[in-house]
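Hi,

Here is the structure I promised to pass on to you. Have a look at it first, and then read on for what turned up when I went through it.

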Amino acid sequence: RWEANQARKAFAAAMAEFKKTTPQIVKDTHVSFQNKAGTLTEYDHASLFAVCDAIIAGLAEVGISHRWVPKQTGNKIEITCVLTHVAGHSESTTMESGPDDSGGKNSIQAIGSAKSYLERYTLLGATGLATKEMDDDGAASELLVGPGQLEALEKAITDSGLNRAALLEYLCITSPEQILACNFDTVLQRIEEKRK
């Protein structure tokens, strides 16, 4: 238990060091396609390469590596991004979606597109970063909650005694990793209000 606690502290210290020089992740890919309604959909997003290129070197400098664990159940694709510190402590972020069949993709392309999307956003979520003007119309253009805030949120959810799925639905999210750092205090307050 002592070693596990020391490893957790080392991970937290490494993440704090990583955040001192937060990398800027730019949108390097333009997407344009005719959607099912017959209109043109266009947006820019950061490719998986741009996200990895900006983040992985910085993580390596503080002794943290990453890996993705894929899983597919029926029509759902699940990706878990695992960050592991050299001291042994790991933390993970999981997201899931259906295949991305936009733009006339075939079934394999739809799965590959969803996998790439989930890999980008689980890595961003695990590190508490966001791309500048992220491709949800800028709603996530600020930093996401960091590991310490995430731990506090998880504790608040557990301590509330409420059903986790129902509480996340009440907060309009599917996981605490999606919460912006600027909304951290407000979300804690909402959890307490719901508990009361």
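**Overall layout**

Along the sequence, the elements of the protein come in the order α-β-β-α-β-β-β-α-α-α-α. Please keep in mind that this is a predicted model. The secondary structure amounts to six helices and five strands. The protein has 196 residues, and 36% of them count as buried. Among the contacts with a separation of 6 or more, 51% are between residues 24 or more positions apart.

Nonpolar side chains tend to be buried together in soluble globular proteins. Here, the largest nonpolar core has 22 residues, and those touching the most other members are Met 15, Phe 18, Ile 55, Leu 59, Ile 64, Leu 83 and Leu 123. At least two residues of this core come from each of H1, helix H2 (48-61), strand S4 (76-85) and helix H3 (107-127). H3 gives the largest share, six residues.

What does Leu 123 touch, if residues up to four places away in sequence are not counted? The list is Val 51, Cys 52, Ile 55, His 66, Trp 68, Cys 81 and Leu 83. Another core, of eight residues, lies apart from the largest one, and Ile 157, Leu 167, Ile 179 and Val 187 are among its members.

**How H4 meets H6**

Helix H4 (residues 147-160) packs with helix H6 (residues 184-195) at an angle of about 5 degrees, and their axes are 10 Å apart. Because angles under 35 degrees count as roughly parallel, H4 is roughly parallel to H6. On the H4 side, the contact is made by Gln 149, Ala 152, Leu 153, Ala 156, Ile 157 and Ser 160. On the H6 side, Phe 184, Val 187, Leu 188, Ile 191 and Arg 195 take part. Sorted by class, this contact of H4 with H6 holds eight nonpolar, two polar and one charged residues.

**Salt bridges**

Side chains of opposite charge can pair when their charged atoms come close.

- Glu 151 and Arg 8 form a salt bridge, with their closest N and O atoms 4.0 Å apart. This pair links distant parts of the chain, as Glu 151 is in helix H4 and Arg 8 is in helix H1 (residues 2-20), 143 residues apart. Glu 151 is partly exposed at 45% relative accessibility, and Arg 8 is partly exposed at 31%.
- Arg 164 and Glu 154 meet through their side chains in a salt bridge of 2.7 Å, N to O. Arg 164 belongs to helix H5 (residues 164-170) and Glu 154 to helix H4, so this pair ties together parts 10 residues apart in sequence. Arg 164 is partly exposed, with 37% relative accessibility, and Glu 154 is partly exposed, with 24%.
- Asp 159 pairs with Lys 155 in a salt bridge, and here the closest N and O atoms are 2.6 Å apart. Asp 159 and Lys 155 are four residues apart in helix H4, so about one helical turn separates them. Lys 155 counts as exposed, at 53% relative accessibility.

**A few single residues**

Neighbours within four places in sequence aside, His 85 is in contact with Ala 10, Phe 11, Ala 14, Val 62, Gly 63 and Ile 64.

Pro 70 sits in strand S3 (residues 64-73) and counts as exposed, at 55% relative accessibility. Leaving out neighbours within four places in sequence, Pro 70 is in contact with Glu 78 and Ile 79. From Pro 70 to Cys 81, the distance is 8.9 Å, C-alpha to C-alpha, and the two are 11 residues apart in sequence.

Finally, Ala 165 is part of helix H5 and is exposed, with a relative accessible area of 55%. Ala 165 and Ser 175 are 10 residues apart along the chain, and 9.1 Å separates their C-alpha atoms.

Best wishes

Notes:
Residues are numbered from 1 along each chain as its sequence is written. This is a predicted model: local features need pLDDT of at least 70, side-chain atom pairs count only at pLDDT 80 or more; totals for chains, interfaces and linings use all residues. Side-chain values use heavy atoms; hydrogens and water are left out. Axes are lines fitted to C-alpha atoms, for helices over the stretch in contact, and angles run from 0 to 180 degrees between N-to-C directions. Angles under 35 degrees count as roughly parallel, over 145 as roughly antiparallel, 65 to 115 as roughly perpendicular and the rest as oblique. Contact means heavy atoms within 4.5 Å. Ala, Val, Leu, Ile, Met, Phe, Trp, Tyr, Cys and Pro count as nonpolar, Asp, Glu, Lys and Arg as charged, and the others, Gly among them, as polar. Buried means under 20% relative accessible area, exposed over 50%, partly exposed in between (1.4 Å probe, protein chains only). A nonpolar core is a set of buried Ala, Val, Leu, Ile, Met, Phe, Trp, Tyr and Cys residues joined through side-chain atoms within 4.5 Å.
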